[in-house]
Amino acid sequence: MLILIIGGSASGKSEFAEAVVQKLGGNRLYAATMQPFDAECEKRIARHREMRKAKQFDTWEIYRGLIDAEIPVGYHTILLECLSNLLANEMYGPKGWENGDLPQRILKGIDKLAASAENLVIVSNEIFQDGDRYHPETMQYMEFLGLINRRIAEKADVVVEVVSSIPIFHKGEIEK
Amino acid sequence: MKLIIGGIFSGKYERLLSLGFGENKIADGASVPYEEAFAKPALYKLNGLIRRMLEDGKDPQPWILEQVKAHPEITIVCDEVGGGVVPIDKLDREYREAVGRICCEIAKQAESVERIYCGLVTELKAGEKHVG
């Protein structure tokens, strides 16, 4: 099963995603994309690590290059958190975004990830409801994330928007 | 008349294509000459048209609503742009205001209103044709 969970910042999407993974049962891998640059990142990472501790996740750090990565095998469910970090790390990483088809590269990496476990739960960000007056490079990032979100949504069994910790199901359902 | 709204990059253009509008059936509000904006079966990026009119010192609302009335079969697509903090720039404020108000008016007149989220359609207003 492929589940896409989208929400604004601090919407409760991570907690929701982790609850979904628990419901799915089995052993679980947390694919973490946030590269710790500063104290603010570290604080955020520490918060998420704390939340996961009780939920028995193994953690795999994957900041970029999913397509070429050696994905840990033998997991029932993988939680990828989050797509927006992965995209930013790719865009501003060594390979950049001007050469080759970055969205395609990421989507292929995600296909690979999906094929390596029973379930893949992907967390992504809602950044599309604040208008269009942004720097062109930011607009490029938004365009890529919008495209990747949509392509995953097409394939996904479930697409959920999380608002104030409440899920809104745009596609499919998760049994309670 | 049909209105399709959604955040930017939410898949509204792809929605038009899936509804059967070919690229030659779609006018792009960001670039189409004013007099041709409503000449095709679909108008994409109404907000782009509004933006250009404001930049040209025109009041977009009366003219656009008149055009919408004159083209009752048209499908109109617009970005939702009102979700952020009030912009510092005056024109940006006028733009957000105009896009929001014009969409409210169009939605009232439309037989159908859809919202696109991540490529997925939510029907906000359905189906009955206004008679008389």
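**Exercise 1. Surroundings of B:Arg93**

Leaving aside its neighbours within four places in sequence, which residues is B:Arg93 in contact with?

*Solution.* The model is predicted.
- Step 1. Set aside the neighbours within four places in sequence; B:Arg93 is then in contact with B:Val86 and B:Pro87.
- Step 2. Locate the residue. B:Arg93 belongs to helix 4 of chain B, which covers residues 90–109.
- Step 3. Check one further pair. B:Gly82 and B:Arg93 are 11 residues apart in sequence, and their C-alpha atoms are 9.5 Å apart in space.
- Step 4. Count C-beta neighbours. B:Arg93 has 12 of them inside 10 Å. The cut-off for exposed is 12 or fewer. B:Arg93 therefore counts as exposed.

**Exercise 2. Two helices of chain B**

Describe how helix 3 and helix 4 of chain B are arranged, and list the residues that meet.

*Solution.* Start with the geometry.
- Step 1. Helix 3 of chain B spans residues 60–70, and its axis comes within 10 Å of the axis of helix 4 of chain B. The axes cross at roughly 25 degrees.
- Step 2. Angles under 35 degrees count as roughly parallel, so helix 3 of chain B is roughly parallel to helix 4 of chain B.
- Step 3. List the residues. Helix 3 of chain B brings B:Pro60, B:Gln61, B:Ile64, B:Leu65 and B:Val68. They meet B:Ala98, B:Arg101, B:Ile102, B:Glu105, B:Ile106 and B:Gln109 in helix 4 of chain B.
- Step 4. Sort by class. The contact of helix 3 with helix 4 of chain B has 7 nonpolar, 2 polar and 2 charged residues.

**Exercise 3. The fold of chain A**

What pattern does chain A follow along the sequence, and what is its radius of gyration?

*Solution.* Go from elements to dimensions.
- Step 1. Chain A has 5 helices and 7 strands. Read along the sequence, the pattern is β-α-β-α-β-β-α-α-β-α-β-β.
- Step 2. The C-alpha trace of chain A spans about 40 × 35 × 35 Å along its principal axes.
- Step 3. Of the 176 residues of chain A, 38% count as buried.
- Step 4. Take the contacts in chain A between residues at least 6 apart in sequence; 77% of them join residues at least 24 apart.

**Exercise 4. Helix packing in chain A**

At what angle do helix 3 and helix 5 of chain A pack, and which residues meet?

*Solution.* Follow the order of Exercise 2.
- Step 1. Helix 3 of chain A (residues 83–91) packs against helix 5 of chain A at about 130 degrees, with the axes 11 Å apart.
- Step 2. That angle makes helix 3 of chain A oblique to helix 5 of chain A. Their crossing is right-handed.
- Step 3. A:Leu83, A:Ser84, A:Leu87, A:Ala88 and A:Met91 in helix 3 of chain A meet A:Tyr141, A:Phe144, A:Leu145 and A:Ile148 in helix 5 of chain A.
- Step 4. By class, this contact of helix 3 with helix 5 of chain A has 8 nonpolar, 1 polar and no charged residues.

**Exercise 5. Where the chains touch**

How many residues of chain A are in contact with chain B, and which element of chain A gives the most?

*Solution.* 
- Step 1. 19 residues of chain A contact 17 residues of chain B.
- Step 2. On the chain A side, helix 5 (136–155), strand 6 (158–163) and strand 7 (166–171) each supply at least two residues.
- Step 3. Helix 5 of chain A gives the most, with 8 residues.
- Step 4. The chain A side divides into 6 nonpolar, 5 polar and 8 charged residues.

Notes
Residues are numbered from 1 along each chain as its sequence is written. Chains are lettered from A and ligands numbered from 1 in the order in which they are written. This is a predicted model: local features need pLDDT of at least 70, side-chain atom pairs count only at pLDDT 80 or more; totals for chains, interfaces and linings use all residues. Helices (H or I, at least four residues) and strands (E, at least two) are DSSP runs, numbered from the N terminus. A residue is buried if 20 or more other C-beta atoms lie within 10 Å of its own, exposed if 12 or fewer, and partly exposed in between; C-beta atoms are placed from the backbone. Two residues are in contact if their C-beta atoms, placed from the backbone, lie within 7 Å. Ala, Val, Leu, Ile, Met, Phe, Trp, Tyr, Cys and Pro count as nonpolar, Asp, Glu, Lys and Arg as charged, and the others, Gly among them, as polar. Axes are lines fitted to C-alpha atoms, for helices over the stretch in contact, and angles run from 0 to 180 degrees between N-to-C directions. Angles under 35 degrees count as roughly parallel, over 145 as roughly antiparallel, 65 to 115 as roughly perpendicular and the rest as oblique. A crossing is left-handed if the near helix is turned anticlockwise from the far one by less than a right angle, and right-handed if clockwise.
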